[in-house]
Amino acid sequence: GSFMVNNYYMDSSDPSYEICQRVIRDMTQYGVCVLDNFLGKEKGLLVLNEVLEMYRSGIFTAGQLVSNPGSTEAQTIRSDRITWIDGREPHCFYIRQLIGQVDNIVLKANKMVNNGKMGDYIINGRTKAMVACYPGSGSHYVKHVDNPNKDGRCITAIYYLNLDWDVKRCGGLLRVFPEGTNQVADIAPIFDRMLFFWSDRRNPHEVQPAYSTRYAITLWYFDAQEREEALRHYKERGQPSSSK
Ligand SMILES: Cc1cc(NC(=O)CCC(=O)O)nc(C)c1Br
Ligand SMILES: [Fe+3]
(Lines give C-alpha, C1' and ligand atoms only; values in the text may rest on other atoms or scores of the structure.)
(Ligands and ions follow the chains in the order given, each with its own letter.)
Protein backbone atom coordinates (compact mmCIF):
# COMPACT_ATOMS: atom_id res chain seq x y z
CA GLY A 1 0.00 0.00 0.00
CA SER A 2 1.13 3.62 -0.28
CA PHE A 3 0.84 6.39 2.25
CA MET A 4 0.77 10.17 2.19
CA VAL A 5 3.86 11.92 3.41
CA ASN A 6 2.51 14.42 5.90
CA ASN A 7 4.43 17.68 6.13
CA TYR A 8 6.14 18.19 9.42
CA TYR A 9 8.98 20.27 10.71
CA MET A 10 11.95 18.09 11.61
CA ASP A 11 13.94 19.61 14.45
CA SER A 12 16.98 18.27 16.23
CA SER A 13 15.01 17.81 19.49
CA ASP A 14 13.13 14.95 17.81
CA PRO A 15 14.75 11.73 19.14
CA SER A 16 14.76 10.19 15.67
CA TYR A 17 16.75 13.14 14.28
CA GLU A 18 20.12 11.49 15.07
CA ILE A 19 18.91 8.16 13.69
CA CYS A 20 17.80 9.80 10.44
CA GLN A 21 21.16 11.55 10.11
CA ARG A 22 22.88 8.22 10.67
CA VAL A 23 20.75 6.57 7.96
CA ILE A 24 21.40 9.40 5.50
CA ARG A 25 25.16 9.35 6.16
CA ASP A 26 25.56 5.56 5.90
CA MET A 27 23.27 5.18 2.89
CA THR A 28 25.06 8.00 1.10
CA GLN A 29 28.52 6.73 2.01
CA TYR A 30 28.10 2.91 1.97
CA GLY A 31 24.62 2.20 0.55
CA VAL A 32 24.12 0.04 3.67
CA CYS A 33 23.06 1.09 7.19
CA VAL A 34 22.82 -1.04 10.36
CA LEU A 35 20.94 0.26 13.43
CA ASP A 36 21.08 -1.88 16.60
CA ASN A 37 18.58 -1.79 19.47
CA PHE A 38 16.08 -0.32 17.03
CA LEU A 39 12.93 -0.85 19.16
CA GLY A 40 14.53 -1.79 22.48
CA LYS A 41 14.30 -5.25 24.09
CA GLU A 42 10.74 -5.04 25.41
CA LYS A 43 9.10 -3.92 22.15
CA GLY A 44 11.38 -6.21 20.14
CA LEU A 45 10.15 -9.21 22.17
CA LEU A 46 6.52 -8.18 21.60
CA VAL A 47 7.13 -8.17 17.83
CA LEU A 48 8.97 -11.53 18.05
CA ASN A 49 6.08 -13.10 19.95
CA GLU A 50 3.60 -12.01 17.29
CA VAL A 51 5.81 -13.51 14.57
CA LEU A 52 6.17 -16.79 16.51
CA GLU A 53 2.37 -16.93 16.95
CA MET A 54 1.90 -16.38 13.21
CA TYR A 55 4.42 -19.10 12.41
CA ARG A 56 2.72 -21.56 14.81
CA SER A 57 -0.64 -20.74 13.19
CA GLY A 58 0.81 -22.12 9.92
CA ILE A 59 0.03 -19.14 7.67
CA PHE A 60 3.60 -19.08 6.34
CA THR A 61 4.04 -20.57 2.88
CA ALA A 62 7.19 -21.87 1.23
CA GLY A 63 9.03 -18.88 -0.29
CA GLN A 64 7.80 -18.59 -3.88
CA LEU A 65 10.30 -17.83 -6.60
CA VAL A 66 9.28 -14.51 -8.13
CA SER A 67 10.29 -15.97 -11.52
CA ASN A 68 8.52 -19.33 -11.49
CA PRO A 69 6.43 -19.78 -8.36
CA GLY A 70 5.35 -23.26 -7.34
CA SER A 71 8.41 -24.96 -8.77
CA THR A 72 10.28 -27.56 -6.73
CA GLU A 73 13.44 -25.68 -7.73
CA ALA A 74 12.37 -23.00 -5.21
CA GLN A 75 13.63 -25.28 -2.44
CA THR A 76 17.15 -25.27 -3.90
CA ILE A 77 17.32 -21.52 -4.63
CA ARG A 78 15.64 -20.28 -1.44
CA SER A 79 14.19 -22.21 1.44
CA ASP A 80 12.52 -19.52 3.49
CA ARG A 81 8.86 -19.57 4.53
CA ILE A 82 7.11 -16.25 4.05
CA THR A 83 3.85 -14.39 4.59
CA TRP A 84 2.88 -10.86 3.50
CA ILE A 85 1.05 -8.62 5.97
CA ASP A 86 -0.04 -4.99 6.02
CA GLY A 87 -0.14 -4.95 9.80
CA ARG A 88 -3.90 -4.45 10.13
CA GLU A 89 -4.47 -8.20 10.50
CA PRO A 90 -5.44 -9.54 13.95
CA HIS A 91 -2.57 -10.26 16.38
CA CYS A 92 -0.19 -7.93 14.48
CA PHE A 93 -0.44 -4.84 16.70
CA TYR A 94 3.30 -4.68 17.52
CA ILE A 95 4.38 -5.56 13.99
CA ARG A 96 2.24 -2.60 12.89
CA GLN A 97 4.08 -0.40 15.40
CA LEU A 98 7.40 -1.59 13.96
CA ILE A 99 6.25 -0.79 10.41
CA GLY A 100 5.18 2.68 11.54
CA GLN A 101 8.58 3.25 13.15
CA VAL A 102 10.45 2.22 9.99
CA ASP A 103 8.14 4.38 7.82
CA ASN A 104 8.89 7.27 10.15
CA ILE A 105 12.65 6.95 9.84
CA VAL A 106 12.69 6.39 6.07
CA LEU A 107 10.29 9.24 5.33
CA LYS A 108 11.93 11.71 7.70
CA ALA A 109 15.39 10.83 6.36
CA ASN A 110 14.11 11.25 2.82
CA LYS A 111 12.74 14.69 3.65
CA MET A 112 15.73 15.83 5.69
CA VAL A 113 18.31 15.44 2.97
CA ASN A 114 18.69 17.89 0.10
CA ASN A 115 15.10 18.90 -0.66
CA GLY A 116 13.51 15.53 0.01
CA LYS A 117 15.83 13.33 -2.00
CA MET A 118 17.93 10.63 -0.35
CA GLY A 119 20.14 9.06 -2.98
CA ASP A 120 18.15 11.05 -5.54
CA TYR A 121 14.93 9.21 -4.63
CA ILE A 122 11.58 10.61 -3.62
CA ILE A 123 10.04 7.87 -1.46
CA ASN A 124 6.27 7.78 -1.60
CA GLY A 125 5.21 4.22 -0.84
CA ARG A 126 6.27 0.72 0.07
CA THR A 127 5.34 -2.92 -0.23
CA LYS A 128 3.51 -4.78 2.51
CA ALA A 129 5.74 -6.31 5.17
CA MET A 130 7.18 -9.68 4.27
CA VAL A 131 7.67 -11.86 7.35
CA ALA A 132 10.23 -14.55 6.54
CA CYS A 133 11.42 -17.62 8.44
CA TYR A 134 14.37 -19.75 7.44
CA PRO A 135 13.59 -23.13 9.09
CA GLY A 136 17.21 -23.69 10.07
CA SER A 137 17.99 -27.03 8.44
CA GLY A 138 20.74 -25.43 6.36
CA SER A 139 18.16 -23.17 4.70
CA HIS A 140 19.68 -20.35 2.70
CA TYR A 141 19.09 -17.81 -0.09
CA VAL A 142 21.40 -17.68 -3.11
CA LYS A 143 23.19 -14.47 -4.11
CA HIS A 144 20.78 -12.10 -5.84
CA VAL A 145 19.79 -8.46 -6.37
CA ASP A 146 16.40 -7.43 -4.94
CA ASN A 147 15.56 -5.00 -7.74
CA PRO A 148 17.73 -5.71 -10.82
CA ASN A 149 15.31 -4.25 -13.39
CA LYS A 150 13.85 -0.99 -12.08
CA ASP A 151 10.59 -2.28 -10.58
CA GLY A 152 10.45 0.85 -8.41
CA ARG A 153 11.90 -0.48 -5.17
CA CYS A 154 14.81 1.68 -3.96
CA ILE A 155 15.41 0.78 -0.28
CA THR A 156 15.30 -2.68 1.35
CA ALA A 157 14.58 -2.47 5.09
CA ILE A 158 15.03 -5.66 7.13
CA TYR A 159 14.27 -6.07 10.84
CA TYR A 160 15.87 -9.13 12.51
CA LEU A 161 14.29 -10.96 15.45
CA ASN A 162 16.77 -13.67 16.43
CA LEU A 163 17.63 -13.81 20.13
CA ASP A 164 21.13 -14.98 21.14
CA TRP A 165 22.10 -15.53 17.52
CA ASP A 166 25.71 -16.77 17.23
CA VAL A 167 26.84 -16.90 13.60
CA LYS A 168 29.58 -19.48 14.36
CA ARG A 169 26.95 -21.89 15.69
CA CYS A 170 23.85 -20.78 13.75
CA GLY A 171 25.22 -19.48 10.40
CA GLY A 172 22.54 -17.42 8.66
CA LEU A 173 24.84 -14.51 7.90
CA LEU A 174 23.56 -11.95 5.39
CA ARG A 175 26.55 -11.23 3.13
CA VAL A 176 26.25 -8.08 1.01
CA PHE A 177 28.66 -7.62 -1.93
CA PRO A 178 28.58 -3.84 -2.46
CA GLU A 179 29.26 -2.97 -6.11
CA GLY A 180 32.63 -1.48 -6.95
CA THR A 181 34.59 -2.92 -4.04
CA ASN A 182 35.73 -6.43 -3.12
CA GLN A 183 34.89 -5.62 0.50
CA VAL A 184 31.85 -7.61 1.67
CA ALA A 185 29.50 -6.55 4.46
CA ASP A 186 28.71 -9.48 6.80
CA ILE A 187 25.58 -8.77 8.78
CA ALA A 188 24.49 -11.14 11.57
CA PRO A 189 20.67 -11.33 11.82
CA ILE A 190 20.67 -10.45 15.52
CA PHE A 191 17.65 -9.50 17.63
CA ASP A 192 16.34 -5.93 17.31
CA ARG A 193 18.74 -5.08 14.45
CA MET A 194 17.44 -2.84 11.63
CA LEU A 195 19.18 -2.95 8.25
CA PHE A 196 18.74 -0.67 5.24
CA PHE A 197 20.37 -1.03 1.84
CA TRP A 198 19.79 0.17 -1.73
CA SER A 199 17.66 -2.51 -3.42
CA ASP A 200 19.25 -2.26 -6.87
CA ARG A 201 22.37 -3.78 -8.42
CA ARG A 202 24.59 -1.91 -5.98
CA ASN A 203 23.89 -4.55 -3.34
CA PRO A 204 23.91 -8.20 -4.42
CA HIS A 205 23.43 -10.29 -1.26
CA GLU A 206 23.02 -13.86 -0.03
CA VAL A 207 21.87 -15.59 3.13
CA GLN A 208 24.32 -18.28 4.17
CA PRO A 209 22.91 -21.61 5.43
CA ALA A 210 21.13 -21.17 8.75
CA TYR A 211 21.19 -23.90 11.43
CA SER A 212 18.68 -22.29 13.77
CA THR A 213 15.26 -20.88 12.94
CA ARG A 214 15.90 -17.42 11.48
CA TYR A 215 13.17 -14.73 11.41
CA ALA A 216 13.16 -11.37 9.59
CA ILE A 217 10.60 -8.76 8.56
CA THR A 218 11.32 -6.96 5.27
CA LEU A 219 9.82 -3.78 3.76
CA TRP A 220 10.72 -2.42 0.32
CA TYR A 221 10.29 1.35 -0.21
CA PHE A 222 9.33 2.75 -3.61
CA ASP A 223 10.88 5.66 -5.48
CA ALA A 224 7.93 7.63 -6.86
CA GLN A 225 9.26 8.09 -10.37
CA GLU A 226 10.79 4.63 -10.90
CA ARG A 227 7.61 2.99 -9.56
CA GLU A 228 5.36 5.08 -11.77
CA GLU A 229 7.41 4.13 -14.83
CA ALA A 230 7.48 0.45 -13.83
CA LEU A 231 3.69 0.34 -13.41
CA ARG A 232 3.16 2.08 -16.76
CA HIS A 233 5.65 -0.32 -18.35
CA TYR A 234 3.81 -3.38 -16.95
CA LYS A 235 0.39 -1.99 -17.97
CA GLU A 236 1.59 -1.62 -21.57
CA ARG A 237 2.86 -5.21 -21.50
CA GLY A 238 0.00 -6.52 -19.38
CA GLN A 239 2.41 -8.32 -17.06
CA PRO A 240 1.72 -8.63 -13.32
CA SER A 241 3.95 -6.26 -11.37
CA SER A 242 5.34 -7.01 -7.91
CA SER A 243 2.79 -4.61 -6.45
CA LYS A 244 2.44 -6.13 -3.00
C1 LIG B 1 11.22 -12.69 -1.16
C2 LIG B 1 12.63 -12.13 -1.16
C3 LIG B 1 13.41 -12.19 -0.02
C4 LIG B 1 14.69 -11.66 -0.04
N5 LIG B 1 15.41 -11.76 1.10
C6 LIG B 1 16.73 -11.77 1.26
O7 LIG B 1 17.50 -11.45 0.39
C8 LIG B 1 17.20 -12.22 2.64
C9 LIG B 1 17.70 -11.10 3.48
C10 LIG B 1 17.87 -11.61 4.92
O11 LIG B 1 16.95 -12.28 5.42
O12 LIG B 1 18.92 -11.35 5.51
N13 LIG B 1 15.22 -11.09 -1.15
C14 LIG B 1 14.44 -11.07 -2.28
C15 LIG B 1 15.00 -10.50 -3.51
C16 LIG B 1 13.15 -11.58 -2.31
BR17 LIG B 1 12.12 -11.56 -3.90
FE1 LIG C 1 17.10 -10.05 -1.04
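**Exercise 1. The chain as a whole**

*Solution.* The structure is a predicted model. Turning to the interior, 48% of the 244 residues are buried. The secondary structure consists of six helices and twelve strands. Among contacts with a separation of 6 or more, 79% are between residues 24 or more positions apart.

**Exercise 2. Helices H1 and H4**

Determine the span of helix H1, identify its buried residues and state what covers them.

*Solution.* Step one concerns length: H1 runs over residues 16-29, and its 14 residues reach 20 Å from first to last C-alpha, close to the 20 Å expected at 1.5 Å a residue. Step two concerns burial: Ser 16, Cys 20, Val 23, Ile 24, Asp 26 and Met 27 are the buried positions of H1. Step three concerns cover: the elements over these buried residues include strands S1 (32-35), S7 (153-160) and S10 (193-198), together with helix H4 (93-112). After H1 comes Gly 31, with a positive phi near 75°.

The covering helix H4 can be treated likewise. Its 20 residues reach 28 Å between the first and last C-alpha, close to the expected 28 Å. Its buried residues include Leu 98, Val 102 and Val 106, as well as Asp 103, Lys 108 and Asn 110.

**Exercise 3. Aromatic pairs**

Classify the ring pairs Tyr 55–Phe 60 and Trp 84–Trp 220.

*Solution.* The structure contains six aromatic pairs. For Tyr 55 and Phe 60, the ring centres are 5.0 Å apart and the planes stand at 85°; because this angle is over 60 degrees, the pair is edge-to-face. Tyr 55 is partly exposed, at 27% relative accessible area, whereas Phe 60, at 11%, counts as buried.

For Trp 84 and Trp 220, the centres lie 6.1 Å apart and the planes meet at 40°, so the pair is tilted. This pair links distant parts of the chain, with Trp 84 in strand S3 and Trp 220 in strand S12, 136 residues apart. Trp 84 is partly exposed at 26%, while Trp 220 counts as buried at 9%.

**Exercise 4. Charges over rings**

*Solution.* Arg 153 lies over the face of Trp 220, 5.0 Å from the ring centre. Lys 143 lies over the face of Phe 177, at 4.0 Å from the ring centre.

Definitions and conventions
Residues are numbered from 1 along each chain as its sequence is written. Chains are lettered from A and ligands numbered from 1 in the order in which they are written. This is a predicted model: local features need pLDDT of at least 70, side-chain atom pairs count only at pLDDT 80 or more; totals for chains, interfaces and linings use all residues. Side-chain values use heavy atoms; hydrogens and water are left out. Helices (H or I, at least four residues) and strands (E, at least two) are DSSP runs, numbered from the N terminus. The expected span of a helix is 1.5 Å times one less than its number of residues. Buried means under 20% relative accessible area, exposed over 50%, partly exposed in between (1.4 Å probe, protein chains only). Contact means heavy atoms within 4.5 Å. Rings of Phe, Tyr and Trp (its six-membered ring) pair if their centres lie within 6.5 Å; planes under 30 degrees apart count as stacked, over 60 as edge-to-face and the rest as tilted. A charge sits over a ring if NZ of Lys or CZ of Arg is within 6 Å of the ring centre and within 35 degrees of the ring normal.
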